[in-house]
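Thanks for coming, everyone. I have one structure to walk through. Let me put it on the screen.

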Amino acid sequence: MSATIGTGLVAQIAFSAAVLSSSGQLTRTMSVVLGSTSQRGRWRVPSRVVVRAWLGEAYVDLSEAEIRGEVELDVQAFMGNVHIVVPEGLAVDVVGGAILGNFEHLAQAPASSRDPRRVRIAGRAILGSVEIE
């Protein structure tokens, strides 16, 4: 988290944490207000990822990520943007909508019927956008 005060007030709050829920489900939370946050490169994706962008930008790149089984991405953009990169051949289901904004839908089948990996993206965009590629 950082804040800068100069001739004007500029504040950036970026928060990322991983917690274990009472059901034993590992959840990673990425939140940003008036700034940007990103997750890219090699990383292990927990079963649930929560992404919040308020007047900011969140970038989630799954192209090099280690994904086991099903993964849920819960995304919300309020006057901000969430950008998600999904590799080809990974099963993807998307449910969401937008109010005065944009929520892209990408349905993608797995490269192999034996591949158990699946990403489910659900959320909303209000005066903002959720982009999936």
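One term before we start: buried means under 20% relative accessible area, exposed means over 50%, and partly exposed is in between, with a 1.4 Å probe and protein chains only. Now the ground rules. This is a predicted model, so local features need pLDDT of at least 70, side-chain atom pairs count only at pLDDT 80 or more, and totals for chains, interfaces and linings use all residues. Residues are numbered from 1 along each chain as its sequence is written, and side-chain values use heavy atoms, with hydrogens and water left out.

Confidence first. pLDDT is the predictor's confidence in each residue, from 0 to 100. The mean for the protein is 85, and 81% of its residues reach 70 or more. Residues 1-17 have pLDDT below 50; in the model this stretch has 33 contacts beyond near neighbours in sequence. Contact means heavy atoms within 4.5 Å.

Next, the fold. Helices (H or I, at least four residues) and strands (E, at least two) are DSSP runs, numbered from the N terminus. How many helices and strands does the protein have? Zero helices and twelve strands. Of the 133 residues, 37% count as buried. Take the contacts with a separation of 6 or more: residues 24 or more positions apart account for 48% of them.

On to the core. A nonpolar core is a set of buried Ala, Val, Leu, Ile, Met, Phe, Trp, Tyr and Cys residues joined through side-chain atoms within 4.5 Å. The largest one holds 28 residues, and Leu62, Leu73, Val75, Val82, Ile84 and Ile121 touch the most other members. Which strand gives the largest share? E7, with four residues.

Look at Leu62. Leaving aside neighbours within four places in sequence, Leu62 is in contact with Trp43, Val45, Ile67, Ile84, Val85, Val86, Pro87 and Val119.

Stay in E7 and find Ala77. Ala77 counts as buried because its relative accessibility is 3%. Beyond four places in sequence, the contacts of Ala77 are Ala53, Val82, Arg124, Ala125, Ile126, Ser129 and Val130. Ala77 and Gly128 are 51 residues apart in sequence, yet 5.6 Å apart C-alpha to C-alpha.

Ile126, one of those contacts of Ala77, lies in strand E11. Ile126 has 29% relative accessibility, so it counts as partly exposed. Past its neighbours within four places, Ile126 is in contact with Ala77, Phe78, Met79 and Ile99.

Now the charges. A salt bridge is a side-chain nitrogen of Lys or Arg within 4 Å of a carboxyl oxygen of Asp or Glu. The whole structure has nine. Arg52 pairs with Asp74, with the closest N and O atoms 3.3 Å apart. That pair links distant parts of the chain: Arg52 is in strand E5, Asp74 is in strand E7, and they are 22 residues apart. Buried or exposed? Arg52 counts as buried, at 13% relative accessibility. Asp74 is buried too, at 16%. Both belong to a network of salt bridges that links Arg48, Arg52, Glu72 and Asp74.

Two more bridges. Glu66 and Arg68 meet at 2.7 Å, N to O. Glu66 is partly exposed, at 25% relative accessible area. Arg68 is exposed, at 54%. Then Arg117 and Asp115, with the closest N and O atoms 3.0 Å apart. Arg117 is partly exposed, at 27%.

Last stop: Asp61, in strand E6. Asp61 is buried but has no salt bridge. Where is the nearest side chain of opposite charge? It belongs to Arg40, 5.9 Å away. For that search, Lys and Arg count as positive and Asp and Glu as negative, while His and the chain ends are not counted. The side chain of Asp61 does make a polar contact with the side chain of Ser63, at 2.5 Å. A polar contact is a pair of N or O atoms within 3.5 Å; within protein, one must be able to donate a hydrogen and the other to accept it, and residues adjacent in sequence count only if both atoms are side-chain atoms. Leaving aside neighbours within four places, Asp61 is in contact with Gln39, Arg40, Trp43 and Val85.

That's my tour. Over to you.
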